[in-house]
Amino acid sequence: MIRIESVTKRYPDGTVAVDRLSLDIPDRSITVLVGPSGCGKTTTLRMINRMVEPTEGSILLDGADIRQQPVNTLRRSMGYVIQNAGLFQHRTIVDNIATVPRLLGWSRQKARARAAELMERVGLDTALAKRYPYQLSGGQQQRVGVARALAADPPVLLMDEPFSAVDPVVRKGLQDELLRLQGELGKTIVFVTHDIDEAIKLGTMVAVLRTGGRLAQFAPPAELLSAPADPFVEDFLGADRGIRRLSFFPSDGLELRTEPLAGPGAGGGRSTAGDTPYLLATDADGRPLGWGTPDDLTADTPDPGRLLPYGRPFVPGTDSLRTALDGAVLSPTGWAVAVDAEGRALGVVSQQTIGEAIRAAHTAEAGPAAAEPETDTAEADTDTAEAAR
Ligand code: ADP
Ligand code: MG
């Protein structure tokens, strides 16, 4: 564990970049430092590998003050990734990645073999090995930066806005890749960003800093969204907080209806199932095609022009209630379609049922007392549930 103990950094010109910051950064998870520009994120990160020394306070690594070991030993145990990757422009990709192993005295051959292995790990084609950084896209360069930081297999990875300079689509790919990689490697990652959505997506724990380098809140992402500590955090989280919070509620509890599923030619002679005005046409493999009335679905291949769109389907258990709700809102029928991993329709669920599941999730979170209120204290329990939100 990395323990930051009441650390203050005052630069020589008097700027207080970090003000009595205390944080316990857990092992083998991603801790995100997030906050507006100038709130002391980079300074904090650089104090962890001693590129900046605190004015007051101390930082402990596994219980020992980081000043007790030689600074080079400390830095070797901590990979460092920065915005724009910070690659050596005059070195090939493979030599960039092999930099630290070479410094550690590995043979050229062993270091290059390690570099090739890491290129695959971070999703880079090894055919790029002999290129120079300027011959790679921004996203590829960023992957090289991550590979280079991992080269000597350090237990800690410090990442300073590593994905901020790439476009949103590439950024999403890099974020997904980091989560996948972390699932395999289990590093202790301290990740700095000014993007709250990135923080919520990546962080196991998120530290929100405010200008002046003071900690506003340190909590798991779901808790930040449900209970922001103060108006600053609430404002920083931005709009749609309630909707975004649904990402943390699973969709596997939703009760799916299968009666409205209609395979090829299955519309003939059928009436719609109770409260669903339409049937969901599926192809021979069971994949959804669209919604239609029984009359629309008498042919083996329904006329696509007559079908209503089914929105974006969700995978129960994998996707969240947010995805399910999004699917229901996207379809003019108000129903979401659940599919398995192969895209075959499992059933459908209405906006109303999703709404009930959302309420149930809130109630369950508020505790058993609120879930099953006694008749005479029901009102008080409702208040408790409100307060807990
Ligand atoms: P962030 O990474 O959150 O944008 P920084 O840690 O880079 O913030 O900076 C925090 C504050 O410290 C800012 O006000 C910045 O201008 C100031 N600062 C950063 N580095 C120095 C320095 N070397 N000398 C003086 N002030 C600095
Ligand atoms: Mg910074």
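1. Across the interface of domain 1 and domain 2 there is one salt bridge (a side-chain nitrogen of Lys or Arg within 4 Å of a carboxyl oxygen of Asp or Glu). The side chains of Asp197 and Arg244 form a salt bridge, at 2.8 Å from N to O.

2. A word on the basis: this is a predicted model, where local features need pLDDT of at least 70 and side-chain atom pairs count only at pLDDT 80 or more, while totals for chains, interfaces and linings use all residues. Residues are numbered from 1 along each chain as its sequence is written, and side-chain values use heavy atoms, with hydrogens and water left out.

3. The protein chain has a mean pLDDT of 89 (the predictor's confidence in each residue, from 0 to 100), and 91% of its residues reach 70 or more. Where pLDDT is low, the predicted coordinates should not be read in detail.

4. Domain 1 covers 2–242 and domain 2 covers 243–389, with bounds from an automatic or database domain assignment. Their C-alpha centres are 39 Å apart. Contact (heavy atoms within 4.5 Å) involves 13 residues from domain 1 and six from domain 2.

5. How much area do the two domains bury between them? The value is about 800 Å², 55% of it on carbon and sulfur atoms; buried area is the accessible area (1.4 Å probe) that two parts lose on being put together, summed over both. On the domain 1 side, Leu225, Ser226 and Gly242 lose the most area to domain 2, together 50% of what that side buries.

Key:
Chains lettered and ligands numbered in written order.
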